[in-house]
Amino acid sequence: MDFLIMNDYGPGILSILMLLPLAGGFVLFFISEEERQKYWTLGVTILTAVVSLPLYFKFDPTTHKYQFAEHHAWIPSLNVYYTLGIDGISLLLVLMTTLLMPLCVLCSWNYIKTRVRTFLFLLLLIEASMLGVFMALDFVFFYVVWEATLIPMFLLIGIWGGDRKIYASIKFFLYTLAGSVMMLVAIIALYFNTDPHTFSIPLMMGQDYSSTFQMWVFIAFFLAFAIKVPMFPFHTWLPAAHVQAPTAGSVILASVLLKMGTYGFLRFCMPITPEASVTFAPFLLWLSIAGILYGGFTALAQSDMKKLIAYSSVGHMGFVTLGIFVFNTIGMEGAILQMINHGITTGALFLCVGMIYERTHTRELHLNAGIGKYMPVYVTFLTFFSLSSLAFPGTNSFIGEFMILAGAFADTKLIAACAIPGAILAAAYMLRMLQKLIWGGTNNPSHIGLSDLNAREIITLTPLLLLVFWIGFGPKPFLNVMHASVANLLEQVNGIQSGAASLAQVILP
């Protein structure tokens, strides 16, 4: 296993990270008082975040190999192993997951009033599952934790959601399950076409699969990951899920679960089916452009703040897939950074919507118009996060979006030019939302009784605001860790340079 490195940060640290929230969730059933259950869950998520932080400082950015690795026999007769490890691509996603979970607990403190213990248990369960997705290096274990994220989110929407929660939760479940079945078919096909038969993800990378086989496997993977992202036109489950989900559910969905789709493209499609990835790249680039434009125009038409942010996610994730499939270093690194940026910014925006909903019990823009006069601290946070969402210079999203567009212009100028209106649309719908909320019009509803953010809510939003400016002004620490992994990924795509050239020729005949 020369692709694995056992770092010196404690044996089994990745397993510990997964088991901490899982064990904490089971302890919840022995705590009777709701207030103590909240403090316990908050403590477990903070401990998990603290334990995860040294991963960054102990990580060796000069190698593309999987670090902090664990490798144990699980089902030897089928060559199934419990193999964990992280590289420069998955490290940042692991850290983002552990950072966001304490904030999800804090934002639910007063929002969730029924079945509190079950809600908190599901938060811890989905955290363990999401961490497993980004750490798994064996397809069987990966599929188990991938599916394990589906059930808690289905229940979070179906039990604590809005008026149409049953419709939204079932739609979410059926869409993502359909994609997962296609992925399972691809995994089984890969197992039987790899010599020797194995479910090891790194061992499948670089295998010489036939062109036809790669095409079919890529299509199966594509359906699974495109639904998860979601790419246009597989996005229709997302607005319903976001609008009906509780605030914590929306944050998890936008910040982490959507990234599992783009992570799948990076981890599986490109290194395992490189020839098919290059062949289908023009199709995926045009789908990305369609998502960017569709998401922008649809967000501009929304009056519900959650729907507006949900459709903006379709556009933002279109930029991410655009960066991935231009097949160059700057575009791909920009896409990975933008995955983190979107998690920070969109998660913060959903937190802001949840905070105003707790006060006015509505998400309609015209019913919340003019709150700036009564909630100056709130609109200050909202303004910065909105500027980040529209990629204003000095914010985190500007760096990621700039790198993606630079990568696109380097190879496919027509595609890059088509993406520019998406950036303009983002400014239009975010500034429209800000204008209505802060100033409103001549006929604003009465908001005299509204209270500004309390200490708990300020503590919830502050870490995300700091990250907006940290990445915006100093992205180097975040980019450094991914250099070696991205370079290796591009090398694993057979003939990537000639593939990129042929890609430009397909788009620009």
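User: Starting with histidine 361: buried or exposed?
Analyst: Histidine 361 is exposed, at 60% relative accessible area. Exposed means over 50%, buried under 20%, and partly exposed in between, using a 1.4 Å probe and protein chains only.

User: What kind of model is this?
Analyst: It is a predicted model: local features need pLDDT of at least 70, side-chain atom pairs count only at pLDDT 80 or more, and totals for chains, interfaces and linings use all residues. Residues are numbered from 1 along each chain as its sequence is written, and side-chain values use heavy atoms, leaving out hydrogens and water.

User: Back to histidine 361. Where is it found?
Analyst: Histidine 361 is in the loop between α14 (329-360) and α15 (376-389). Helices here are DSSP runs of H or I, at least four residues long, and strands are E runs of at least two, numbered from the N terminus.

User: What about its phi?
Analyst: Histidine 361 has a positive phi, about 60 degrees, although it is not a glycine.

User: And what is the phi of alanine 391?
Analyst: Alanine 391 has a positive phi of about 65 degrees, and it is not a glycine either. Its place is the loop between α15 and α16 (396-411).

User: Is alanine 391 buried or exposed?
Analyst: Alanine 391 counts as buried, at 10% relative accessibility.

User: Which of its residues are buried?
Analyst: Among them are Asn396, Ser397, Ile399, Gly400 and Glu401. Met403, Ile404, Leu405, Gly407 and Ala408 are buried as well.

User: What do the buried ones pack against?
Analyst: The buried residues of α16 pack against α13 (305-324), α14, α15, α17 (413-438), α18 and α19.

User: New topic: cis peptide bonds. Where are they?
Analyst: One joins valine 229 and proline 230, with omega about -10 degrees. Another joins phenylalanine 232 and proline 233, with omega about 5 degrees.

User: Which loop holds proline 230?
Analyst: Proline 230 is in the loop between α9 (211-228) and α10 (237-244). Proline 233 is also found in the loop between α9 and α10.

User: And phenylalanine 222, where is that?
Analyst: Phenylalanine 222 is in helix α9. With a relative accessible area of 8%, phenylalanine 222 is buried.

User: What is it in contact with?
Analyst: Contact means heavy atoms within 4.5 Å. Leaving aside neighbours within four places in sequence, phenylalanine 222 is in contact with Ile227, Met231, Phe234, Phe265, Phe283, Leu284 and Leu287.

User: How far apart are phenylalanine 222 and serine 255?
Analyst: They are 33 residues apart in sequence and 20 Å apart in space, C-alpha to C-alpha.

User: Now the largest nonpolar core. Which members touch the most others?
Analyst: Phe139, Phe221, Tyr378 and Phe385 do, out of 179 residues in the core. The largest share of this core, 16 residues, comes from helix α11 (residues 247-272). A nonpolar core is a set of buried Ala, Val, Leu, Ile, Met, Phe, Trp, Tyr and Cys residues joined through side-chain atoms within 4.5 Å.

User: What does phenylalanine 221 touch?
Analyst: Phenylalanine 221 touches Phe139, Met183, Ala186, Leu190, Phe268 and Cys269. Residues up to four places away in sequence are not counted.
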